[in-house]
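Colleague: Could you take a close look at one part of this model for me and walk me through what you find there?

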Amino acid sequence: MGLGGCIILIAVGAILTFATDWHMQGVNLTVVGLILMAVGLIGVATFSGIARRRRVVVPPTTPVVEETPHHHHRGEGYTDGYGV
């Protein structure tokens, strides 16, 4: 579940907790809303921890050596090993 899914859980939980006055037999919608908000907050915390870990920049351990390009001069011509 991504960050968007966690935010949706928080929003649905807040709606069930604070904006509804429905009464269902055997279901306490206030508790269900609080549970959804708690799960959404845990998801946001987990997602942000994972995202922070991905952004760590590790310096290279081996030095980068650039090779010098091979330049062929026009006067040398092209040889393929057969004298052409």
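Modeller: Happy to! Contact here means heavy atoms within 4.5 Å. This is a predicted model, where local features need pLDDT of at least 70, side-chain atom pairs count only at pLDDT 80 or more, and totals for chains, interfaces and linings use all residues. Residues are numbered from 1 along each chain as its sequence is written, and side-chain values use heavy atoms, with hydrogens and water left out.

Let us follow helix H1, which covers residues 3–19 (helices are DSSP runs of H or I with at least four residues, numbered from the N terminus). Leu-3 belongs to this helix and is partly exposed, at a relative accessible area of 35%; partly exposed lies between buried, under 20%, and exposed, over 50%, with a 1.4 Å probe and protein chains only. Together with Ile-7 and Phe-47, Leu-3 forms a nonpolar surface patch of about 240 Å² accessible area (patch residues have over 30% relative accessible area and no salt bridge, and nonpolar side chains are joined within 5 Å; a salt bridge is a side-chain nitrogen of Lys or Arg within 4 Å of a carboxyl oxygen of Asp or Glu).

Ile-10, also in helix H1, is partly exposed at 23%. Beyond its neighbours within four places in sequence, Ile-10 is in contact with Leu-36, Met-37, Gly-40, Leu-41 and Val-44. The C-alpha atoms of Ile-10 and Ala-38 are 7.5 Å apart, although 28 residues separate them along the chain.

Thr-17 sits in helix H1 too and counts as buried because its relative accessible area is 14%.

Methods: Patches are made of residues with over 30% relative accessible area and no salt bridge: like charges are joined within 9 Å, nonpolar side chains (Val, Leu, Ile, Met, Phe, Trp, Tyr) within 5 Å. Accessible areas come from the Shrake-Rupley method with a 1.4 Å probe; for residues, only the protein chains shown count as cover. Helices (H or I, at least four residues) and strands (E, at least two) are DSSP runs, numbered from the N terminus.
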